[in-house]
Amino acid sequence: MELVDTECKIRCEMGACKNMAVKTVKLSRVGIKSRIHICADCLKELYGLIGSTLIPKSIETAAKKVKRSER
């Protein structure tokens, strides 16, 4: 999956949005609907929704902590 700049003039395909698309999501599949065109506003909203759902673990919490007595 890739996120690239839109090469053609096309409207956003996210819901009922009527803005012009600025980015294109290229899916790895080959077919008729292998690309999704998204405007800047919808892309920011989607980024916020994904960020609130998927929270990566930080390095400090993922690594095992060493006790002071073991140092």
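Start on the sheet: which residue in β3 is the bridge partner of Lys23? Select Ile38, and you have the partner in β3. Before going on, note that this is a predicted model, where local features need pLDDT of at least 70 and side-chain atom pairs count only at pLDDT 80 or more, while totals for chains, interfaces and linings use all residues. Numbering runs from 1 along each chain as its sequence is written, and side-chain values use heavy atoms, leaving out hydrogens and water.

Now colour the strands (DSSP runs of E, at least two residues, numbered from the N terminus). Three of them form an open antiparallel sheet in the order β1-β2-β3; strands pair if DSSP finds at least two bridges between them. At the edges sit β1 and β3 (35–38), each pairing on one side only. β2 and β3 are joined by four bridges, in the antiparallel sense.

Next, pick Thr6, in the loop between β1 (2–5) and β2 (23–26). Is Thr6 buried or exposed? Thr6 counts as buried because its relative accessibility is 17% (buried is under 20% relative accessible area, exposed over 50%, partly exposed in between, with a 1.4 Å probe and protein chains only). Show its side chain and that of Thr24: a polar contact of 3.0 Å joins them (N or O atoms within 3.5 Å, one able to donate a hydrogen and the other to accept it; residues adjacent in sequence count only if both atoms are side-chain atoms).

Last stop: select Cys12, Cys17, Val25, Ile38, Cys39 and Cys42, the largest nonpolar core (buried Ala, Val, Leu, Ile, Met, Phe, Trp, Tyr and Cys residues joined through side-chain atoms within 4.5 Å).
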